[in-house]
Amino acid sequence: QYRGNDGGEGRESFGDGDVRDVLNLFPLAERLGYVDMTNVFMLGYSRGAMVTALAVRRGAPVNAAATVGGLFDLVSAATERPPLRELVAGAAGLVPASDPAQLEAALRQRSAVYWPEQIGVPMLLLHGGGDGVARAATQSLAFAQRLAERRAPYQLVVYDGDTHGLTFSAQDRDARILDFFARWRRAPSPVQTPGTGEAPPVGP
């Protein structure tokens, strides 16, 4: 879970510390010795989609990324859902903003629709047409349009009437994500068992 949530350590940090936590997973995985670092993928739901885009922007070494019900334009989302604006700028102080202009700047910094040129990996964007948390039109559809303008590789699927997490299309959702990642899979690199300098055993 994100830092500072559900009893976790640290303080909540919306679109900043949470992104650093994700980026720190990559050197950790590499040090384990048995992870195929040539085939790393990222999946983010809702706020996790924002974190995914920010991590990619900051150089996350992934082949491709997939999102479900993604938040890609926090300026629009905060206008459509005032509670989100209150969450971001309220007493929790998730985004340090002392005035409306500073808040909007902070929201733009966290919104991939404003910097599609900094998304350097293929993206799969899945969204529910009945999403009551993040509207498909102002989030995944808007982001897809920006990617299309730059001729960046992406796929967009909007499920008519489905929910924020694509509850009614879970099987198709998961199949599309796995298929998309398989499409961008590379030949695996040799991996080693930690401390032995040998490849892990093959077989059951």
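Trainee: What pLDDT does the protein average?
Mentor: This is a predicted model, and the protein averages a pLDDT of 88. Of the residues, 86% score at least 70.

Trainee: Where does pLDDT stay under 50?
Mentor: Over residues 199–204, for which the model has 6 contacts beyond four places in sequence. Where pLDDT is low, the predicted coordinates should not be read in detail.

Trainee: Rings next. How many aromatic pairs does the structure hold?
Mentor: There are 2 aromatic pairs. In one of them, Phe 41 and Phe 181 have ring centres 4.8 Å apart.

Trainee: And why is that pair of Phe 41 and Phe 181 stacked?
Mentor: Because their planes are at 25°, and planes under 30 degrees apart count as stacked.

Trainee: Which elements hold the two residues?
Mentor: Phe 41 is in strand β1, residues 41–45, and Phe 181 is in helix α8, residues 170–183.

Trainee: Is Phe 181 buried or exposed?
Mentor: Phe 181 counts as buried, at 13% relative accessibility. Phe 41 is partly exposed, with a relative accessible area of 23%.

Trainee: What about the rings of Phe 72 and Phe 143?
Mentor: They are stacked too, with centres 4.5 Å apart and planes at 25°. Phe 72 lies in the loop between β2 and α4, and Phe 143 lies in helix α7, so the pair ties together parts that are 71 residues apart in sequence. Phe 72 and Phe 143 are both buried.

Trainee: Changing topic: which residues have the most contacts inside the largest nonpolar core?
Mentor: Val 62, Ile 119, Met 123 and Phe 143, in a core of 36 residues. Elements giving two or more residues to this core include α3, α6 and β3. The most comes from α3, with 7 residues.

Trainee: What is Ile 119 in contact with, leaving aside its neighbours within four places in sequence?
Mentor: Ala 53, Val 56, Phe 143 and Leu 147.

Trainee: Last one. Which ring face does Arg 47 lie over?
Mentor: That of Tyr 2, with Arg 47 at 4.0 Å from the ring centre. Arg 57 lies over the face of Trp 115, at 4.1 Å from the ring centre.

Definitions and conventions:
Residues numbered from 1 in each chain as written. Predicted model: local features only at pLDDT ≥ 70, side-chain atom pairs only at ≥ 80, totals over all residues. Heavy atoms only, no water. Phe/Tyr/Trp six-rings, centres within 6.5 Å; stacked < 30°, edge-to-face > 60°. Helix = DSSP H or I, 4+ residues; strand = E, 2+ residues; numbered from the N terminus. Buried < 20%, exposed > 50% of the residue type's maximum accessible area, 1.4 Å probe, protein only. Lys NZ or Arg CZ within 6 Å of the ring centre and 35° of its normal. Core = buried A, V, L, I, M, F, W, Y, C linked by side-chain atoms within 4.5 Å. Contact = heavy atoms within 4.5 Å. pLDDT = per-residue confidence, 0-100.
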